[in-house]
Amino acid sequence: MSGPPSKGSDRAGTLKLLPELRRPLVLAVRNNFGGLERITGLDRRILHLLKTFQPDSFPKPIRERFAKLAELMNDYPAATVDEKRKRLLSALALLDALEAKLAPKAESESVSSTEGLREVAYPDRRPLYMSVQFVKGVGPRVAAELAARDIVTVEDLLYFLPRRFEDRRRVGRIADLQVGVVGQARGVIAAMSSGPRFGRRPFEVVVQDDSGVVTLSWFHYGAQAVSARYKVGDPVRFSGKVSHFRNRLQIVHPDLSPDNGDEADEPDRSIRPLYPDIKGVTTRRLAAIVLAAVDAYLPLVRDPMPEAILRGAGLPDLVTALEALHRPAESAEVDHLNEGRSAAHQRLAFDEFFFVQTALAQRREGTVRQAGFAHERKTDLATRFYKRFPHTLTDAQRRVLKEIVADLMDSKPMNRLLQGDVGSGKTIVAVLSALMVVENGRQAALMAPTEILAEQHFRTISALCDFGGVTVELLTADLGRADKRAVYERIESGEIDLVIGTHALIQKGVRFKNLGYVIVDEQHRFGVRQRVMLAGKGPASDCLVMTATPIPRSLAMTVYGDLDVSILDELPQGRRPIVTQVHWINEWPQVKTVVQTEIRAGRQVYVITPLIRESEKLDVSGAEEEVERLRVELPDTPIGLLHGRMPRDEKERVMRAFLEGVYDVLVATSVVEVGIDVPNATVMVVQHAERFGLSQLHQLRGRVGRGEHSSYCFLMCEKVGEEARERLSVMEETTDGFRIAERDLEIRGPGDILGTRQTGSPIFQHANLVRDQSLLVLARKLAFDLVARDPDLGLAEHADLRRELEGRWRERLKLIGIG
């Protein structure tokens, strides 16, 4: 058996390496283990790192822990997700034990001061990566509850910010509480439920003073702690959003604390931070834990932001900002704190914007530095195209085409986002620019999200380009093996100038002779990786990304911030406006009259439902039930059914049948939001429209109004409150997709729109894309200026910034495809 290491430096050196072992484990358990099944290579990474520790030089207990870590990674990829969770938590617990064993005694015994932590054994920010179990007041049970809320390390706890602030200078009487706003008062418990309740009936505490009575209610956790701590007759303070229920004032899930009168429990503060609820941890204990972490570890936080950037933004340093949020000064403006407008909040919001914009700037800089192809301005093919084009280009189309042509003539590769509402003429702009590329001897590819949309593009474009000099072909997964091989060969030989297809274009077998231009339609249906894969089939290909989903300016700067943006903000002449009306569900008979009139006139109808099958839990009918209902109400009317769980071939068959007029009515889920163009469809009925986002409803509405006849969109909503109907009224007021998208962003937030809410950790936790737009613009300018001066952040003064970007931020950036 080997003895202990002969030199303290071996022990200290191992402590320096342990954070490298911890980091991939922490990243894997973040977001409450969200996306764990997609994390690959973790076992190889851990086993590789373990080889650097030379465990044979340590005593047996430490060697055994290293061996157990290796054992946990054995056959890790084959484990179930639940088993992976258990292994990861076990691995982190082992690391905690190793750190405690290896740390100098003074450090492992005292975590309430920073003196011992500043020794060489804990260099730089290493303590911030330790488990929250090292914080005073946190045991294994509380650590597990914190981990369920994505608080795994000490650093996570420092960034766990109050959800709001209670101004104890404004505690008033119960009679002064106002419905609809956050209020706070004090009183005496007059009555309370006999015991905790965990069903539909709440646990209630009735508080009164000499001016009135209010009921405090808990529906979930918290009730047990309240019932155990308080009794009738106790003086209390409380705060929360006030509501009116059964003719009485009520606060649901309030903040409740004893009222000692002399503020003895919090002598130094008149502003009290209130943290998000965590199951199994009382409000008071949670606040004490956070303050213990602030006292012990906040001085170790090193601000990664260069001083020049902070001066340019006029913001405080990071330690000052975090201190101001966890321990507000008595002079602080509580309204600013609660609205996220304080300087401290703005600093954290700025960081989020800045790191996203820095990553985007680096991506853009990498593209700009590539050697591209400068096309000559050739117009022969475009002139022939115009002769077959039945319309006149709008001023917006001419302006955008000029911007794209200028990019194509530049030697730097083009990366441009083309936004335009449904029917604004994006495809025509894309084809005209592609013809210039073809005339320069290079190939172009247009990738669409569905086969039917690719077929529609192919039919339209090949008809307009049937003048010689350009060969257009279609490539989809539906092609037979021999036909597909023939198309592959013609693409590789250069015989095909413009190929239109689906994901089939990015298959390994597709090789271009000289791909120079990539067009991606409905970009939000593809990932960034797929766009890059297609562009990578040609040397420094120019890339045009198109979307008919209007994107608010702030969101566009975030998701597509590495792209130049062109906007088609004008519809061609002759487009008829779509009549949009919001109706209650029980007003269906009025809507049915219009539906029947349009069907008799030979036109077609969409009926959209939010679900495939009826849900008792949501009390919402599904597409399958809607088909049966309509077959009774509209006898002798051919009705088709379409939803996302159908096999791909079946979905394509149904959409094609609707396009060819086999069905008069198509009942579907939101799968028809993009990718289907039926000019004969004139009515869109959306059942339970309150369950859709406004931008999604705008896209659904865009499925009609594509032909010569007047069109209608009926948004049917349940009587769940005037708020839902008021929100939907925006659709009645405007057809401006950008105005609708801005309103959608205000209501739903970026998590839903970006599709990141389900991850449990949205990309922006402190910033608000609506409230902080000016801050985003500033962060973008400073980030792009910085990357222009130091593209790789290689200068010494940017070392901390680079480490922060590559460490704490890399996983979050992956949420929007730029990590």
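Modeller: What follows is a discussion of the packing, charged pairs, rings and cysteines in this predicted model.

Biologist: Now the charges. How many salt bridges does a search of the whole structure find?

Modeller: The search finds 36 salt bridges. One of them joins the side chains of Asp-259 and Arg-186, with 2.9 Å from N to O.

Biologist: Where in the chain do Asp-259 and Arg-186 lie?

Modeller: Asp-259 is in the loop between β7 (255-258) and β8 (271-274), while Arg-186 is in strand β2 (residues 182-192). The pair links distant parts of the chain, as the two are 73 residues apart.

Biologist: Is Asp-259 buried or exposed? And what about its partner?

Modeller: Asp-259 counts as buried because its relative accessibility is 13%, below the 20% cut-off. Arg-186 has 29% relative accessibility and therefore counts as partly exposed.

Biologist: Which residue does Asp-800 meet in a salt bridge?

Modeller: The side chain of Asp-800 meets that of Arg-302, again in a salt bridge of 2.9 Å from N to O. Asp-800 lies in helix α28 (residues 799-806) and Arg-302 in the loop between α9 (283-297) and α10 (307-313), so this pair ties together parts that are 498 residues apart in sequence. Asp-800 is partly exposed, at 22% relative accessible area, and Arg-302 is partly exposed as well, at 36%.

Biologist: And how far apart in helix α13 are Asp-351 and Arg-347?

Modeller: They are four residues apart in that helix, which means that about one helical turn separates them. Their side chains meet in a salt bridge of 2.8 Å, N to O. Asp-351 is buried, with a relative accessible area of 6%, and Arg-347 counts as buried at 0% relative accessibility.

Biologist: Which residues are joined into a network by salt bridges that share partners?

Modeller: Arg-163, Arg-164, Asp-255 and Asp-277 are joined into one network in that way.

Biologist: Let us change topic to the rings. How many aromatic pairs does the search find?

Modeller: It finds nine aromatic pairs in the whole structure. Phe-160 and Tyr-275 form a stacked pair, with 5.8 Å centre to centre and 15 degrees between the planes.

Biologist: Where do Phe-160 and Tyr-275 lie?

Modeller: Phe-160 is in the loop between α7 (154-158) and β1 (164-167), and Tyr-275 is in the loop between β8 and α9, so the pair ties together parts that are 115 residues apart in sequence. Phe-160 is buried, with a relative accessible area of 8%, and Tyr-275 counts as buried at 4%.

Biologist: Why is the pair of Phe-385 and Phe-389 stacked?

Modeller: Their ring centres are 5.9 Å apart and their planes are at 25 degrees, so the pair is stacked; the cut-off is under 30 degrees. Phe-385 counts as buried at 1% relative accessibility, and Phe-389 is buried at 12%.

Biologist: Which residues do ring pairs link into a cluster?

Modeller: The cluster consists of Phe-350, Phe-354, Phe-355 and Trp-809.

Biologist: Which residue lies over the face of Phe-373?

Modeller: Arg-442 does, at 4.4 Å from the ring centre. Likewise, Arg-629 lies over the face of Trp-588, at 4.9 Å from the ring centre.

Biologist: One last topic, the cysteines. How many disulfides are there?

Modeller: The count is zero disulfides. Cys-543 is buried, with a relative accessible area of 2%, and Cys-713 counts as buried at 0% relative accessibility.

Notes: Residues numbered from 1 in each chain as written. Predicted model: local features only at pLDDT ≥ 70, side-chain atom pairs only at ≥ 80, totals over all residues. Heavy atoms only, no water. Salt bridge = Lys/Arg side-chain N within 4 Å of Asp/Glu carboxyl O. Buried < 20%, exposed > 50% of the residue type's maximum accessible area, 1.4 Å probe, protein only. Phe/Tyr/Trp six-rings, centres within 6.5 Å; stacked < 30°, edge-to-face > 60°. Lys NZ or Arg CZ within 6 Å of the ring centre and 35° of its normal. Disulfide = S-S within 2.5 Å.
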